[in-house]
Every structure is written in structure tokens, then in C-alpha cells.
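Please read them with the coordinates open.

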Amino acid sequence: MSVLSLFVVIPALMLLGLWVARNLNQVRGVMVAGSSCLLALSVWLTVAFIQARHSGNTDPMLFTYSVEWFKPLNIAYAVGVDGISVVMLLLSSIIVFTGTFASWQLKPLTKEYFLWFTLLSTGVFGFFICVDMFTMFMFYEVALIPMYLLIGVWGSGKKEYAAMKLTLMLMGGSALLILGILGIYFFNGATTMNVMEIAANNHIPHDVQNIFFPFIFIGFGVLGALFPFHTWSPDGHASAPTAVSMLHAGVLMKLGGYGCFRVAMFLLPSAAQELSWVFLILTTISVVYGAFSACVQTDLKYINAYSSVSHCGLVLFALLMMTKTACTGAIIQMLSHGLMTALFFALIGMIYGRTHTRDIRKLGGLMKIMPFLSVGYVIAGLANLGLPGFSGFVAEMNIFVGSFEVNDTFHRTATIIACTSIVITAVYILRVVGKILYQKVADPHYLELTDATWDERVAVCCLIFCVAGLGIAPLWVSNVIGDAVGPILNVINF
């Protein structure tokens, strides 16, 4: 059995531990132990992967393992990782670890909450390690279903509406996905569902690719906040509890970009080449529309939610440019945005827990009252607007430089339009920071509030360290991702 299976086994053991836990301390102990093991495993895997590449191992997938479990349809439990998968596993483990501490004080039904939170994590980890299309889809569904209860039970505001809207739209995307997956399987000879084997022996006719490419790209794109299928995202973010928002925006939305690149574009390359212009228009709209929408919001969560629409739109935008620099930037953006938005949602949840409002018109002077959380919010904002020294700058530079490499009027015009999001992002970030942190104290009762507790500081410091670390030393991540992007682009740009 591959070491990668531990990414599914550990959450399964966590579920068992939570089930038998009898009090809050035991529940917390299980979550800390399990999330720490996942974080340590992902760090070890990253180091081992880099060492394997440095030693000259050029296999497209490492740590592979496969066992057939449904022969009639050639479905297998097949796992393996390349550089893209490795960084996504690292991101997921960081968010699960910090999300555990961000949920430290959550009540009521703490045990049940962590059970569903862990099941959601299981689906995410399983999706990133699998290379069999059907098994990927199975874990994809496991990651989606818990969102309904996590938002509907433990959320706030219009939680029932948001949970139902999210579930219905993502299930609609799943319906398109299963049609696309079956189309790839049967029109390629119905011999395997392994992504790498299909890519190596692709016999799907061009006309058939054009039919099924929109199914898979839109199916995954719904989760990646592709315009106009993004409307579930802001409501879902705004209503979800803190750690669920962190995992939702930080990791779950990345399944969309990952799937578009790994399945839609990799397995249907001629359709990707021919139809990319259609989706490039939609992603450009996502980038600019999301940024403008964030400017007019007054709820902190909605601001960050629409910001996520814009930044996730950049991921799909860069992938569709199909240059190595842009696609590398897209994966770095997935990693960067995951860390930044998790930090944002963690801080927003902590501020809301004290002030009981997310309305920026009712907030002010927080720097004087809770300096630790306020400084964290400033750092998150600077990273989000792409300040050099933080992860956002590295990602956006790769995206826009790589996009401008495509030497034609259409692609360069789209790049210039997308670049305007940088300015718009700076507008809403600086507006919010100035309003809630530095103006006069909005309510005298706020002066009685306390700053971050030890568990909140652990979550915030971990995320800040990662955001700054990626911005200061991005080369190792860029090399790992670039080595994985190259072979996929060789297939797409045949």
C-alpha cells in the first residue's frame, strides 16, 4: 500500500476517534492529534518528493499504487502524486490544522461538527491523491455533501438558503462531470479510467472532445466560481462557520481548478485548444466582476467571498493561457489564495465572535482594542492585494507575465483587462482596513473586548508564516510545480 493512502486512513481513524470520544477535551485531542499527523505527513511527502526529483526520478507520478476494485468498468483505487498534487496536499493539511484551532471554542454539537469537518477533509485528501477518474469523482462527492450540514446546522444568517443553494448548484456540476467522465471512458475504448493511461493512449476523436470538454470544464468550473455559475459561493462563504469557510475557500474551491487542468484540459487537449477562447471570456469576467462586487459590499465575509471569485477566476484564466509560466502561476495562486483566504476568514470569524457584527459600517478602531487580530488583518490584506514579499505577488506576476507571452490581440487584451483587478483589489482592501481598524471606535462597548486567545494565535501565526514564507522563498514551490506542469502542457499543446 502506498504511503499516500495514509491521507485517507488518518482521517478515517479521526472519524473513529471522534465517534468514541466522550467529552470536549477528547474531541479536541483527536482533532489536534489527527491534523498534526496529516500536517507532518504532508511535509514529509513534500521533502521526499523534492529529494526524489533531485535524485533524477522523472516518472510523471511518484508513490504510485493501484488495485482494481470494480473490474466490469475497470475502476481502480489508483493513487499517485506529481508536484501539483503535493502542494495541494500540503495546503489542505495546513488548512485542516489551523481550522481545528479556529474552531476550538465552537459550540454547540462540537463533536458532530468535527465529524462532518473531518469527512469533508477526507474527500479533499482523497481527491488530490487519486489518478482514477471515477475514484476522484467519488472523493469529490464526499467532499461536497458535508457542506450542506456544516452550513445548514452550524452556519449563520440565511444558512438554510445558502446551504441548499450551494448543494444544488454543486450537484448540478457533478451531474455534468459524471457525463463527461463516462464520455471520456467509453469513447477512449472503455479499457481504463486511469488519467495517466488515458492521456498516454488518447483515441478520443476531436468532435467528441468538443462535446464533452464543456461538460467537464463547467462541472469543475462551478466549484471554481466560474462566471455565471459562481452565485453559490458568496452566500455559502457568508453563512458558513469560520473553519468551514477556511476549508471551503482555501481548499474546496481548488478542486475546481485542479480538475479543469488535470481532467478537462489534459484528457481533451484538442477541445481545450479550440474552445479555450469561450471560457477565457467567462474567466476574465469572473476576475473583474468579482473584484468590482467586493468593492460595493459592506459585510466582511461577502467582501472576501467576492474577492475569492476574482482570485479563483485568475486560476482558470491562467490555465487557459496554456503557457508554462501562466500555468505555474495558476497553481501558485491556488496555494497562495488558499492560505490568504483562510487567514482572512479566520480573522473575520474571530472579530465577529467578539463584536457580533460583520458590517464594516458598524466597526471601527479595532487596532486599539485587539491589536494582534488587527495586525493579522493588515497582513492578510497586503498579501491579497499582491504586495511584494507575500505569496500573492509571486502568483500574480507569474500569471500576468505568462499570459502576456501569448502573442495575439485577443489574449493580450484579456490579460490587460484582468490586470485591472489588481487596482480594484487595492481599493476594497485599503478601504476596509482603514474603516474597521483605524477610524474612531464605533461602539463604546468594543473597548471591553479582548484580543486573540492562544488557540486563535496558533491558527493566525501559522497562516501568516506560510503566506510570508511562500512570498520570500517561492523558488522551491515554483520548481516543484513547473516540473509537473510541463508534461501536462506537452500533451495539451501537442
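1. Polar contacts. A polar contact here is a pair of N or O atoms within 3.5 Å; within protein, one must be able to donate a hydrogen and the other to accept it, and residues adjacent in sequence count only if both atoms are side-chain atoms. Asn74 supplies an example: a polar atom of its side chain lies 3.3 Å from the backbone oxygen of Thr191.

2. Basis. This is a predicted model, in which local features need pLDDT of at least 70 and side-chain atom pairs count only at pLDDT 80 or more, while totals for chains, interfaces and linings use all residues. Residues are numbered from 1 along each chain as its sequence is written, and side-chain values use heavy atoms, with hydrogens and water left out.

3. Asn74. This residue sits in the loop between β1 (62-70) and β2 (75-81). Helices (H or I, at least four residues) and strands (E, at least two) are DSSP runs, numbered from the N terminus. Leaving aside neighbours within four places in sequence, Asn74 is in contact (heavy atoms within 4.5 Å) with Glu68, Asp132, Tyr185, Ala190, Thr191, Thr192 and Met193.

4. Helix α3. This helix covers residues 83-102, 20 residues in total. From first C-alpha to last it reaches 29 Å, close to the 28 Å expected at 1.5 Å a residue. The expected span is 1.5 Å times one less than the number of residues. Of the 20 residues in α3, 19 are buried. Buried means under 20% relative accessible area, exposed over 50%, and partly exposed in between (1.4 Å probe, protein chains only). At the start of α3, a side-chain oxygen of Asp82 comes within 3.2 Å of the backbone nitrogen of Ile84.

5. Salt bridges. How many salt bridges does a search of the whole structure find? It finds seven. The criterion is a side-chain nitrogen of Lys or Arg within 4 Å of a carboxyl oxygen of Asp or Glu. One of them joins Asp82 and Arg262 (2.7 Å, N to O). Asp82 lies in the loop between β2 and α3 and Arg262 in helix α11 (residues 254-267), so the pair ties together parts 180 residues apart in sequence. Both Asp82 and Arg262 are buried.

6. Lys165 and Asp235. These two form a salt bridge, with the closest N and O atoms 3.0 Å apart. Lys165 belongs to helix α6 (residues 159-187) and Asp235 to helix α9 (residues 232-239), so this pair links parts that are 70 residues apart in sequence. Lys165 is buried, as is Asp235.

7. Arg457 and Asp451. Their salt bridge has its closest N and O atoms 4.0 Å apart. Arg457 is partly exposed at 33% relative accessibility. Asp451 is buried, at 16%.

8. Leu387. The loop between α16 (371-384) and α17 (391-404) holds this residue. Leu387 is partly exposed, with a relative accessible area of 32%. Not counting residues up to four places away in sequence, Leu387 touches Leu382 and Phe393.

9. Leu13. Leu13 lies in helix α1 (residues 6-20). Leu13 is exposed, with a relative accessible area of 54%.
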